[in-house]
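Please look through the sequence and the model below before reading on. The paragraphs that come after them are meant to be read with both in view.

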Amino acid sequence: MLTLHYMPYGEIEALTSEDRVGKILDIVKKNRILLLEGRLKKEEETELIKQTMEAIDDDFKGIEIGTIDPAAKESAAIVEKIKKSMVNMLIGDRGGMTIIGPASIVKEIKQDPEKIQVFTDVGKKKR
């Protein structure tokens, strides 16, 4: 069975970076694919990967992570980029969506600024 867990940004907004990473990792280690509103900060992504590497064992094989943010097109005007940066500073980076899943289920995430594809392997049932 494939379980998707949607997490609105407001659920992690008040948490410290360490607590955000811990909460995300706890969800993914339960074999759930997390759909997070917005994005993690670069240092939070780095910490998530670091903690994931430390947690790898026979049962937990790691994570796959992908982010889509249609507003982050490289062709966006400089004024739009500045405006977005100011909004992010005030209310957090709620733009786009981050998908994080256990590597044992999520085999690949393909992404571009306008779409994201998640390829899974949930196994076949034996009859």
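What follows goes from the overall fold to the cores, the surface and the charged pairs.

The model is predicted, and for that reason local features need pLDDT of at least 70 and side-chain atom pairs count only at pLDDT 80 or more, whereas totals for chains, interfaces and linings use all residues. Residues are numbered from 1 along each chain as its sequence is written, and side-chain values use heavy atoms, with hydrogens and water left out.

The chain has three helices and six strands, where helices (H or I, at least four residues) and strands (E, at least two) are DSSP runs numbered from the N terminus. Along the sequence these elements follow the pattern β-α-β-α-β-α-β-β-β. Towards the end of that pattern, strand β5 (residues 106-112) and strand β6 (residues 115-120) pair in the antiparallel sense over six bridges, pairing being assigned if DSSP finds at least two bridges between two strands. A hairpin of two residues joins β5 to β6, and Val106 stands opposite Thr120 in β6.

Turning to the chain as a whole, buried residues make up 31% of its 127 residues; buried means under 20% relative accessible area, exposed over 50%, and partly exposed in between, with a 1.4 Å probe and protein chains only. The accessible surface comes to about 8400 Å², of which 53% belongs to carbon and sulfur atoms, the areas coming from the Shrake-Rupley method with a 1.4 Å probe, and only the protein chains shown counting as cover for residues. Among contacts (heavy atoms within 4.5 Å) between residues at least 6 apart in sequence, 69% join residues at least 24 apart.

In soluble globular proteins, nonpolar side chains tend to be buried together. A nonpolar core is here a set of buried Ala, Val, Leu, Ile, Met, Phe, Trp, Tyr and Cys residues joined through side-chain atoms within 4.5 Å. The largest such core has 16 residues, of which Ile24, Val28, Leu34, Leu36, Leu48 and Ile100 touch the most other members. Helix α1 (17-28), strand β2 (32-37) and helix α2 (42-55) each supply at least two residues of this core, and α1 gives the most, with five. Leaving aside residues up to four places away in sequence, Val28 touches Leu34, Phe60, Ile63, Ile100, Gly101 and Pro102. A second, separate core of six residues includes Leu35, Ile99, Ile105 and Ile109.

Ile78 is found in helix α3 (residues 78-91) and is exposed, with a relative accessible area of 59%.

The structure holds two salt bridges, each a side-chain nitrogen of Lys or Arg within 4 Å of a carboxyl oxygen of Asp or Glu. One joins the side chains of Lys23 and Glu11 (3.3 Å, N to O); Lys23 lies in helix α1 and Glu11 in the loop between β1 (3-7) and α1, so this pair ties together parts that are 12 residues apart in sequence. Lys23 is partly exposed at 28% relative accessible area, and Glu11 is partly exposed at 35%. The side chains of Arg20 and Glu44 also meet in a salt bridge (3.1 Å, N to O), and because Arg20 lies in helix α1 and Glu44 in helix α2, that pair ties together parts that are 24 residues apart in sequence. Arg20 is buried, with a relative accessible area of 5%, and Glu44 counts as buried at 1%.
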